[in-house]
Amino acid sequence: MVSSLLQTALFLWKKRHRKSYELVTLLGLWLMPAIFSVHLRFWRFLLIWAIFSSITARLLLACSRKKMSRTTPRQVYTFFLGIYKASKIVGVTGYCMVLAELFGMGPLLHLLLPKDLPIDLVWYGLYFGILGRDCAQVATDTLSARLGMEGRQLVTRVNNCGICGNELCDEVQLPGERTVQLSCKHCFHDLCVRGWTMVGKKDTCPQCGEKVDLRSLLADRPWETHNITWIQMMDGIRYLVVWNPIIFTVL
């Protein structure tokens, strides 16, 4: 009876005050596994969690500063894209190892690797993938609001990126340093303009404000998904990690 009442209260809270529900859930998702890991002495997870938390906290602080650096959108985009890719690789690797065990390859894997490694990899991939996605959303909301308050203060020199101000180069460089030219003819570093599109300027040039087609840049924003099955699975994991332990504690 009490469990049903608590779940109903959570449902109504999420329906009527979604923003506060998501923020509290994100805080719980961030802290609950660390608290349990301290109790259970999972030091490896705590080390990875501490590194992720320190970098994410620094980026969120940079997003909220009154005078935001021109490179902040780029840094936010690069970090959370890297977290997504790493989580995907780790999670898929763990899933494949779990399948290998189901098909009778467990003894061989256990000779070479720790017994709990497949489940650990699946957990790391899911947890940091979802936590990184939620933190990326908070960062983009903060950046979008900050840019809206500051207005456009971008450089206009022809041979420089219109966002970070650094020089553009026609020579082949790292993928993130390649030059992207929008339909309005303004040029930017690839990661800089991707960071700009990430903070909500989906259809405007960051330099002149003209409406441009940015669909090719928006196509691989992995933390934004409209797949219903994936969204429901993420909600289920958030519930199991954050709210299920609280409900059982109350009961």
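## Helix packing in a predicted model: worked exercises

Helix H1 contributes Leu10, Trp13, Lys14 and Arg16 to a contact (heavy atoms within 4.5 Å) with Arg18, Ser20, Tyr21 and Val24 of helix H2. The model is predicted, so local features need pLDDT of at least 70 and side-chain atom pairs count only at pLDDT 80 or more, whereas totals for chains, interfaces and linings use all residues. Residues are numbered from 1 along each chain as its sequence is written, and side-chain values use heavy atoms, with hydrogens and water left out.

**Exercise 1. Classify the residues in the contact of H1 with H2, and state how the two helices are oriented.**

*Solution.* 
Step 1. Sort the residues by type: Ala, Val, Leu, Ile, Met, Phe, Trp, Tyr, Cys and Pro are nonpolar, Asp, Glu, Lys and Arg charged, and the others, Gly among them, polar. The contact of H1 with H2 then divides into 4 nonpolar, 1 polar and 3 charged residues.
Step 2. Take the axes, which are lines fitted to C-alpha atoms over the stretch in contact, with angles from 0 to 180 degrees between N-to-C directions. The axes of H1 (residues 2-16) and H2 come within 5 Å, and they cross at roughly 120°.
Step 3. Apply the classes: under 35 degrees is roughly parallel, over 145 roughly antiparallel, 65 to 115 roughly perpendicular, and the rest oblique. H1 and H2 are therefore oblique to each other.

**Exercise 2. What are the numbers of helices and strands in the protein, and in which order do the elements run?**

*Solution.* 
Step 1. Count the DSSP runs, numbered from the N terminus: helices are H or I runs of at least four residues, and strands are E runs of at least two. The protein has 8 helices and 2 strands.
Step 2. Read the elements from the N terminus on; their order is α-α-α-α-α-β-β-α-α-α.
Step 3. Turn to the whole chain. Of the 251 residues in the protein, 39% are buried (under 20% relative accessible area; exposed is over 50% and partly exposed in between, with a 1.4 Å probe and protein chains only).
Step 4. Consider the contacts between residues at least 6 apart in sequence: 64% of them join residues at least 24 apart.

**Exercise 3. Describe how H2 packs with H3, which residues form the contact, and what loop residue lies between the two helices.**

*Solution.* 
Step 1. H2 (residues 18-40) and H3 (residues 43-64) have axes 10 Å apart and pack at an angle of about 150°. H2 and H3 are therefore roughly antiparallel to each other.
Step 2. List the contributors. From H2 come Trp30, Leu31, Pro33, Ala34, Ser37 and Val38, while H3 supplies Trp43, Phe45, Leu46, Trp49, Ser53, Thr56 and Leu60. By type, the contact of H2 with H3 divides into 10 nonpolar, 3 polar and no charged residues.
Step 3. Inspect Ser53. This residue belongs to helix H3, and Ser53 is buried, with a relative accessible area of 9%.
Step 4. Examine the connection. Arg41 lies in the loop between H2 and H3. Although Arg41 is not a glycine, its phi is positive, at about 60°. Arg41 is exposed, with a relative accessible area of 63%.

**Exercise 4. Carry out the corresponding analysis for H3 and H4.**

*Solution.* 
Step 1. The axes of H3 and H4 cross at roughly 150° and come within 10 Å. H3 and H4 are therefore roughly antiparallel to each other.
Step 2. On the H3 side stand Phe52, Ile55, Thr56, Arg58, Leu59, Ala62 and Cys63, which meet Thr72, Gln75, Val76, Phe79, Phe80 and Ile83 of H4.
Step 3. The residues in the contact of H3 with H4 divide into 9 nonpolar, 3 polar and 1 charged.
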